[in-house]
Amino acid sequence: MRRTRIVATIGPASDSDEVLKGLVNAGVDVLRLSFAHGDLESCLARLRRVRALAPDLALMVDIPGPKIRAGSFGTEPVVLSVGSEIELVEGRDQASTAERIVVERDDIVHRLRVGDRVHVGDGGVSLEVVSASPMVRVHVTSGGPVMGKPGLSLPSSLINETLPTAEDRRRIEALRNEEFEILAVSFVRSSQDMTAVRALLARPDVMLMAKIETNEAVENLDDIIAHSDSIMVARGDLGVRLPIEDVPHLQKRIVRHGIRYARPVVVATQMLESMTHAQVPTRAEVTDVANAVLDGASAVMLSGETAIGDDPVATVRTMDRIVSRAEESFDHEKWGLSLGVQELGASGAKEIRITAAITGAAWRAAMEEKAVAIVACTRSGLTARAISRFRPPMPIVAITPSDATARQLRGSWGVQEVVISDKQDIDDLCAVALQRVRESGIAKPGDPIVIMAGSNSGGVGVTDTVRLLIVH
């Protein structure tokens with residue numbers, strides 16, 4: 001079983017039922033739907049349709065925050081050539097061209113000044129303002145092809161919106177009654193942003209993912225992680241706002257810190273970008289994906305490759321092969337030994353401390369006794385995510401009475417989900433665990449397995465027991 005998860009973005013190239021089913025069969029674990037494109041009703045309709053087609057996968061809804069986008073360049077690449085001049089105008093639902101870029105944000109273009117820089121997409125195309133009156137014109141300093149509705153990175157001094165934005169509030173309120181597992185929050189700058197979004201959504205069954213893509217987020221990293229359920233290393237915007245040579249080091253730091261808190265961490269942006277139109281990735285992209293796996297990332301994400309690419313299914317299959325090969329070289333024992341003291345939450349609550357201690361003991365027992373599996377009996381998924389942070393070499397089997405929790409765990413490294421009827425007694429849970437690992441072929445008679453569960457005396461939501469059992 002591949003341990004590192006694959007996230008695929010749904011867009012025009014992957015919106016058909018046939019391609020969606022192909023993505024599922026190719027091994028996608030999480031489907032990402034961006035609510036930055038299209039009107040709210042069409043986004044909700046797509047969400048419901050994808051849910052029906054992929055009932056067992058995790059669905060991630062990505063809200064744009066204060067991100068500014070250009071009007072659509074269309075589905076074919078438009079080349080912005082170095083040295084050319086382009087007009088910037090404000091507008092909605094208008095097309096952009098090589099001569100005129102539409103900025104989909106009111107009251108901002110006129111605030112640009114001569115010398116200001118604007119980055120298009122992930123920063124490969126850069127513009128410099130050469131005229132601010134009577135119209136704003138920019139000079140292309142770094143050119144290249146653009147397509148779709150790329151993001152525009154303007155000077156941060158022009159953007160002072162708090163989260164959630166007014167537009168995001170509409171989206172979040174509309175999502176309250178929809179079935180999805182993860183809400184990705186863009187341009188997070190502090191833990192207060194995540195707290196505000198959590199209060200507005202009012203859905204404890206939905207995981208909140210903080211996208212780390214600003215300098216403020218890097219400065220407040222640990223506090224943001226502690227108040228989030230999952231993290232994304234959004235390398236595109238991160239590389240535009242910080243020195244690009246810092247991005248690889250920031251990626252390693254963010255992954256490491258997120259995993260210490262038992263938060264799944266997704267590495268995103270330009271992972272196999274050449275496969276948007278090419279049949280094979282570049283050697284550098286293959287190395288990039290492999291290094292993300294070796295860094296300990298919980299998941300790797302495809303963006304434009306599956307949203308607007310020529311062959312989304314082939315791209316996922318390629319990602320699957322690269323990840324599977326990289327996992328063969330992952331040093332599980334070294335990772336677990338180097339993890340150090342763990343904190344799983346911001347509050348330091350007794351229940352969290354107990355779970356941290358029990359999962360640490362379970363990992364040590366499994367490694368010392370060479371267990372063939374670690375079983376986590378969990379309602380919320382926390383116990384499974386907590387043991388997953390150790391990246392053990394043996395399978396992690398999560399037994400849960402919740403379908404929603406099982407889907408959420410599709411985004412967690414190395415977890416196999418098993419849904420059962422609700423059982424309270426720990427002896428019953430152990431019996432179910434033994435049966436399931438035998439049936440799955442993970443264990444045979446005489447093999448040791450480690451089981452974590454809550455006892456009747458431990459209280460609701462507390463994993464306080466670890467057992468080492470021999471399969472019979």
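Guide: Let's begin with a word we'll need: strands here are DSSP runs of E with at least two residues, and they are numbered from the N terminus. Keep in mind that this is a predicted model. Now find strand S6 (85–90) and strand S7 (100–103); aspartate 93 sits in the loop between them. What is phi of aspartate 93 near? The value is near 55°, which is positive, and this residue is something other than glycine.

Now hop along to another loop, the one between helix H13 (350–368) and strand S18 (373–377), where you'll find lysine 370. Lysine 370 isn't a glycine either, yet its phi is positive, at about 55°. With a relative accessible area of 67%, over the 50% cut-off, lysine 370 is exposed too.

While we're on loops, have a look at two prolines. Proline 134 is in the loop that runs between strand S9 (125–131) and strand S10 (136–142). The peptide bond joining serine 133 to proline 134 is cis, and its omega is about 0°. Proline 164 has its place between strand S12 (151–153) and helix H3 (166–175), again in a loop. Going from leucine 163 to proline 164, the peptide bond is cis as well, with omega near -5°.

Conventions. Residues numbered from 1 in each chain as written. Predicted model: local features only at pLDDT ≥ 70, side-chain atom pairs only at ≥ 80, totals over all residues. Heavy atoms only, no water. Helix = DSSP H or I, 4+ residues; strand = E, 2+ residues; numbered from the N terminus. Buried < 20%, exposed > 50% of the residue type's maximum accessible area, 1.4 Å probe, protein only.
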